[in-house]
Amino acid sequence: MSVDIGIDLGTASVLVYVKGKGVILKEPSVVAYDRDTNAIKAIGEEARLMLGRTPGNIVAVRPLRQGVISDYTVTEKMIKYFVQKALGKRTFKKPRISICVPSGVTEVERKAVEEATYAAGAREVNLIEEPVAAAIGAGIDISKPCGNMIVDIGGGTADIAVISLGGTVVNSSIKIAGDDFDEAIVRYMRKKHNLLIGERTAEDIKIKIGTTYPLIEDEELEVRGRNLVTGLPKTVTVTSLETEEALREPTGQIVEEVINVLERTPPELSADILDRGIMLTGGGSMLRGLEELIEEKTGINTMTAEDPMKVVAIGTGQFVELVSGRREF
């Protein structure tokens, strides 16, 4: 019996959807390997804990940068590992895999994803654009002639698209997303508090108190890092108001791009979007205040999908079912 799998191959995390079971695997897309022997030490969550904490000969890397493959062999091994982990050892027939790519990728980058998936043991590979997958996963019927706007903010890219009749009408993919939010916080801490913090600490700040819109009640968090003046460890208290200041630039660029896509949208579809609103998906959309910020700047009702992190994986998996359903007729 062949298995249909949908993979959301993200810069920050990989999600695997298996037909009939839903999303059964969600792990960070991080691989740790030994530089000397090239042997893989750990993949996924185990490797993420090693980020910034490894000895000289072991490196923890993210094989995908800004939504595209930056290290081919490591990506191939990672896909293989996740597929095996999701299916167990019991499969005899190679699975049919559909995998998603950002909407702005080049032909070469698409080919790289396809080849890595075949090399990881796929019988057949379908590529699907992230915004389309996000729309399917969010429960929108994309086959109707009516405009839907999706803003999918992942770890490496933000994909903004207007979808109608099962395809994208206008789209844009910018390389500003969750990772850039983290970097903005690192820069802010360095400039404002003379404190050097790592990626993981920055992500913690973003998740716990990060906001892009002033909150009614300010929240605080104690942050530990290295003092750049003395070189010693130090604790600083950060407020959510400061994160709003730190994240103003990257979130502003995303909002600008949303407006840019709206300007290029055909008038009939613009009317639909005004009526139906903007749908936010992806892990980056869980940042507080993003809905309010986009709503304030565009004047269009904005909402976040239910379980935004899993939406693309679910849509990718359901896309396989749609494709296989069409073939059966």
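Which helix gives the most to the lining of the largest cavity? Helix H6 does, with three residues.

This is a predicted model, in which local features need pLDDT of at least 70 and side-chain atom pairs count only at pLDDT 80 or more, while totals for chains, interfaces and linings use all residues. Residues are numbered from 1 along each chain as its sequence is written, and side-chain values use heavy atoms, without hydrogens and water.

**The cavity**

A cavity is a set of points, on a 1 Å grid over the protein atoms alone, where a 1.4 Å probe fits but cannot get out; its lining residues have an atom within 4 Å of a point. The count comes to one cavity of 30 Å³ or more. The largest cavity has a volume of about 50 Å³, a volume being the space filled by probe spheres set on points joined across faces, edges and corners. Its lining consists of Arg-48, Leu-51, Arg-62, Asp-179, Asp-182, Glu-199, Arg-200 and Glu-203. Of these residues, one is nonpolar, none is polar and seven are charged, where Asp, Glu, Lys and Arg count as charged. Helix H5 (178-193) and helix H6 (199-209) each supply at least two lining residues; helices here are DSSP runs of H or I with at least four residues, and strands are runs of E with at least two, numbered from the N terminus.

**Arg-62**

Arg-62, one of the lining residues, lies in the loop between strand S6 (58-61) and strand S7 (64-65). Arg-62 is buried, with a relative accessible area of 14%, because buried means under 20% (1.4 Å probe, protein chains only). Its side chain forms a polar contact of 3.2 Å with that of Asp-179; such a contact is a pair of N or O atoms within 3.5 Å, one able to donate a hydrogen and the other to accept it. Leaving aside residues up to four places away in sequence, Arg-62 touches Thr-11, Ser-29, Val-30, Leu-51, Ser-70, Asp-179 and Glu-199, contact meaning heavy atoms within 4.5 Å.

**Strand S12**

In strand S12 (residues 158-164), seven of the seven residues are buried. One side holds Ala-158, Ile-160, Val-162 and Ser-164, and the other Asp-159, Ala-161 and Ile-163.

| Pairing | Bridges |
|---|---|
| S11 (residues 148-153) with S12 | six |
| S12 with S13 (residues 167-174) | seven |

Asp-159 is the bridge partner of Asp-152 and stands opposite Ser-173 in S13. A hairpin of four residues joins S11 to S12, whereas two residues lie between S12 and S13 in their hairpin, where Leu-165 in the turn has a positive phi of about 55 degrees.

Technical notes
1 Å grid on protein atoms, 1.4 Å probe; cavity = no way out; pocket = protein on both sides within 12 Å on 5 of 7 lines; lining within 4 Å. Buried < 20%, exposed > 50% of the residue type's maximum accessible area, 1.4 Å probe, protein only. Pairing = 2+ DSSP bridges.
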